[in-house]
Amino acid sequence: KSTSTFDKVVTEVDSIEMENIDSIVVHMGDNENTFSAVHAKDFVTFFKSLKVKKKEVNKSHEESIEKEISVTITYGEDSEESDTFYITDEMIWFDDGVKSSYSYQIVDFEEVETFIESKFEDTSSYGIAPPIESLSWGMSVDECKKNLANYTFELISNEGGLMYRVSSEMSLFDYTDEIDQVILKFDSAITEPVYPYHTDALTSIQFIFHEIDVDKMKDKVTDLVGAEGTHWVDIRKSDFITWESVDTVKNLDKASYKLLEDFWTLLDEYALDSFLAASKEASELINRVDMSDGLLTARKENSEPINKVKMQYTEDGICSVEFYAGMNLFLYNLR
């Protein structure tokens, strides 16, 4: 055969230490994205199994100044090691930080582009993903409308944020006919320079159901989140269950954590400056940053969950399930 998988012709890829991977940094044209170690298996498996022509190309990589795609595997701040897959002119080579392999012609370059683009469009690096696949937490109203071009948006409230009812048929957990409403909620634009988004940003998605088996819905959400929820009752005697994401701050890759850490530092500095100028206004600003509203708390505990799901229900099968962006609201825009 004239073709093979990349790991068969470049055995150095076996040196990748899967269990020690901290993050994956991908450059594609002008785009860059950092993925957590959760995605490591997907990337490594894809490039190991990528079909290439067996005949190596003895090409000086120094001549390939403009690399179309690079996928760099890092092993944390305490490690100077890294492994990188480089792709240019529809050829691929591997660099383990010590030496580079030969280049090999990729059989189907479009397969690589499709894979990378799908990862860039991935809606959930951490925590609980949006229940609508084409959306990402933190998107603006215009971005959501573009990604849901076949749906109509009806503005139902602009007090304390923006709320849109999305028309047309949607489904969740195999429920379709039982869904009465799908509501997208956005934080209004925050003009303070310290905030990473100066436009509206998607902070939660709510599904409202009728005539469903509430216990089955609880089980479906528990399976999705991977952890049991906590039942509670509000002052109006309404029943709620809140599920917190299994992912917490300590699960973030170092690059993502640093984005949040730098943001927290800016918040602290901004609060101090504002306090010196007007203590009341500064206090109110910081108090806005509250996980209960789908926002990021100003706390920095490593045990803080990334995001959550909240369910409200009645005995007669009326049920609301709301997914919150949590920290993903900021991660999307900080990146």
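Predicted model: local features only at pLDDT ≥ 70, side-chain atom pairs only at ≥ 80, totals over all residues.
Colleague: Leaving aside neighbours within four places in sequence, what is Ser 238 in contact with?
Modeller: Trp 232, Val 233 and Gln 312 are the contacts of Ser 238 once those neighbours are set aside. Contact here means heavy atoms within 4.5 Å. Residues are numbered from 1 along each chain as its sequence is written, and side-chain values use heavy atoms, with hydrogens and water left out.

Colleague: Ser 238: buried or exposed, and how do you know?
Modeller: Its relative accessible area is 19%, and buried means under 20%, exposed over 50% and partly exposed in between, using a 1.4 Å probe and protein chains only. So Ser 238 is buried. Ser 238 is found in the loop between β13 (230-233) and β14 (239-244). Helices (H or I, at least four residues) and strands (E, at least two) are DSSP runs, numbered from the N terminus.

Colleague: What about Glu 90, what is its class?
Modeller: With a relative accessible area of 37%, Glu 90 is partly exposed. Its phi is near 60 degrees, also positive in a residue other than glycine, and Glu 90 sits in the loop between β6 (82-88) and β7 (91-95).

Colleague: How do you describe the way α2 runs relative to α3, and why?
Modeller: The axes of α2 (residues 40-48) and α3 (residues 109-120) come within 12 Å and cross at roughly 175 degrees. That makes the two helices roughly antiparallel, given that angles over 145 degrees count as roughly antiparallel, under 35 as roughly parallel, 65 to 115 as roughly perpendicular and the rest as oblique. Axes are lines fitted to C-alpha atoms, for helices over the stretch in contact, and angles run from 0 to 180 degrees between N-to-C directions.

Colleague: Which residues meet in that pairing of α2 and α3?
Modeller: Asp 42, Phe 43, Phe 46 and Phe 47 in α2 meet Glu 111, Val 112, Phe 115, Ile 116 and Lys 119 in α3. The residues of this contact divide into six nonpolar, no polar and three charged.

Colleague: What makes a set of residues a nonpolar core?
Modeller: They must be buried Ala, Val, Leu, Ile, Met, Phe, Trp, Tyr and Cys residues joined through side-chain atoms within 4.5 Å. The largest such core has 54 residues, and those touching the most other members include Ile 205, Phe 209, Met 217 and Val 321. Strand β12 (residues 201-209) gives the most to this core, with five residues. A second, separate core of 30 residues includes Val 10, Ile 21, Ile 24 and Phe 85.

Terms used. Nonpolar A, V, L, I, M, F, W, Y, C, P; charged D, E, K, R; others polar.
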